Amino acid sequence: MPPAGDESLADRLTGRRGGRHAETEGLVVSPLPTPMLQPWEVYDQDLFDLEMLRVFARSWVWLGDTDDLQQPGDYITGAIGHQPVVIVRTATGEIKGYLNNCRHRASSVVPAPVGNCGSSMVCPYHNWTYNLDGRLIGIPDRLRMYPDGLPTEDYGLVPIRVDVAWNKLVFGCLSRRAPSFREWIAPIADRYDRYRFDTFQRYPRELDQVYPINWKAFVENSNDDYHVRFVHRRINDQRRQMDTVVRVDGRTCSGYKPHPDSFDTAGGRTDMAEEDLKGHYADFIYPNLTPLPYATMLILVRADPIAPDRTRLVSRIYGLDKTPEEQEADLVNLELTNQEDTDMVTVLMGNLRSPFYRVGPRSTWEARAAHVMQTIRADVATPLAPDEFTA
Ligand code: FES
Ligand SMILES: [Fe+2]
């Protein structure tokens with residue numbers, strides 16, 4: 001559905017979609033309606049730009065963890081869609097977040113992915129200086145540069161909402177109207193409490209790579225429980241029969257796969273529900289995070305959109321009492337899984353350019369992917385509220 005409330009863009013998107021197909025009708029018959037990702041949704045720059053606002057600016061996005069935010073001045077940087085943000089531990093021990101845009105010109109205030117900035121953030125371009133509470137406290141040559149004065153109180157760093165979930169994982173949100181993070185993930189929140197992620201340790205290296213794929217194409221693949229036994233057939237022995245229980249609910253969804261008795265990932269834990277110990281979940285937290293939680297391991301894969309045909313994947317693993325050898329084996333396994341998925345999606349990216357291709361019907365085990373695609377379309381069709389950022 002074209003976005004409402006923006007006629008010229010809606011017309012352009014509709015026209016482009018129609019134009020692409022107008023002369024190619026008739027060769028391929030695909031009678032069933034389908035909610036799956038459409039080719040024009042993958043390559044359209046205007047749609048992509050709108051997604052950065054209407055999907056990402058109203059969502060909670062995972063940015064990192066408290067391991068990097070132990071001391072005052074410790075910071076991490078990241079992005080919510082195309083908006084750079086910084087999270088910092090303040091002098092009083094709070095964790096706060098800001099837009100990582102200097103209020104003078106467009107420089108990032110802190111440029112590194114992670115670090116310690118001491119007691120203030122000094123912009124590298126002209127050295128405007130902000131304290132850890134975001135207040136503008138220093139302007140070099142201020143009297144000469146701004147002889148008529150400058151209302152410094154209006155030029156502090158712009159705060160964003162931050163949630164530290166399970167005393168570990170840091171999420172940020174630009175919207176003031178979005179529900180709390182807890183409500184955002186309500187359908188899985190109680191189960192996630194039981195894993196006790198605060199007792200897990202981050203593995204020593206993470207995976208970080210850019211792929212020639214659209215972020216929604218990756219998200220569709222992540223929420224597709226149908227491809228798993230074919231594309232990842234090397235791990236079929238970790239599943240009992242080929243059962244999957246698919247759940248979709250609001251901004252989260254899950255595909256639960258029971259384990260055979262020979263594959264025990266409980267790690268001796270008995271403090272969780274039997275179902276959680278005897279199988280594993282492929283979960284999704286809208287709009288771009290794929291968590292795979294186990295009793296002794298949490299895998300997070302985040303898809304950061306860069307351009308319609310470029311996506312950065314950042315993957316991190318946390319574990320409970322894992323040896324260095326076990327950690328490395330888990331990382332190698334995740335590298336293989338990511339490669340299998342991105343290789344497949346890269347093939348799709350090329351073929352989505354086929355002028356005569358028509359998208360096929362949704363299967364039962366693609367229900368999660370369909371739900372996410374429809375949620376994205378609904379967000380794109382809904383303008384941000386006039387008080388989205390002031391409520
Ligand atoms: S851009 Fe930051 S001080 Fe000029
Ligand atoms: Fe996969």
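A residue counts as buried if 20 or more other C-beta atoms lie within 10 Å of its own. That cut-off is applied in the first legend below, and every view shows a predicted model.

**View 1. Ala 369, a buried residue in helix α11**. Helix α11 covers residues 367–380, and Ala 369 is found in this helix. Around Ala 369, 29 other C-beta atoms lie within 10 Å, so the residue is buried. Ala 369 touches Met 36, Glu 220, Asn 223 and Asp 224. That list does not count residues up to four places away in sequence. Ser 120 lies elsewhere: its C-alpha atom is separated from that of Ala 369 by 43 Å. Along the chain, Ala 369 and Ser 120 are 249 residues apart.

**View 2. The open sheet β6-β7-β8**. Three strands form this sheet, in the order given, and their pairing is antiparallel. The edges are β6 (120–122) and β8 (136–138). Each has a single partner strand, so one side of each is left without a neighbour in the sheet. Neighbouring strands are turned by 35 degrees against each other on average, direction ignored.

**View 3. Pairing of β7 with β8**. Strand β7 takes in residues 129–131. Strands β7 and β8 pair in the antiparallel sense over two bridges. Here Tyr 130 stands opposite Leu 136, a residue in β8.

**View 4. Where domain 1 meets domain 2**. The domain assignment gives domain 1 as 60–173 and domain 2 as 185–375. Their C-alpha centres lie 32 Å apart. Ten residues of domain 1 are in contact with ten residues of domain 2. On the domain 1 side, strand β1 (residues 60–65) gives the most, with three residues. The residues of that side divide into five nonpolar, two polar and three charged.

View 5. Taken along the principal axes, the C-alpha atoms fill a box of roughly 70 × 60 × 30 Å. Buried residues make up 34% of the 391 residues. Among contacts between residues at least 6 apart in sequence, 64% join residues at least 24 apart.

How values were computed. Residues numbered from 1 in each chain as written. Chains lettered and ligands numbered in written order. Predicted model: local features only at pLDDT ≥ 70, side-chain atom pairs only at ≥ 80, totals over all residues. Domains from an automatic or database assignment. Contact = placed C-beta atoms within 7 Å. Helix = DSSP H or I, 4+ residues; strand = E, 2+ residues; numbered from the N terminus. Nonpolar A, V, L, I, M, F, W, Y, C, P; charged D, E, K, R; others polar. Buried ≥ 20, exposed ≤ 12 C-beta atoms within 10 Å, placed from the backbone. Pairing = 2+ DSSP bridges. Axes fitted to C-alpha atoms, helices over the stretch in contact; angles between N-to-C directions.
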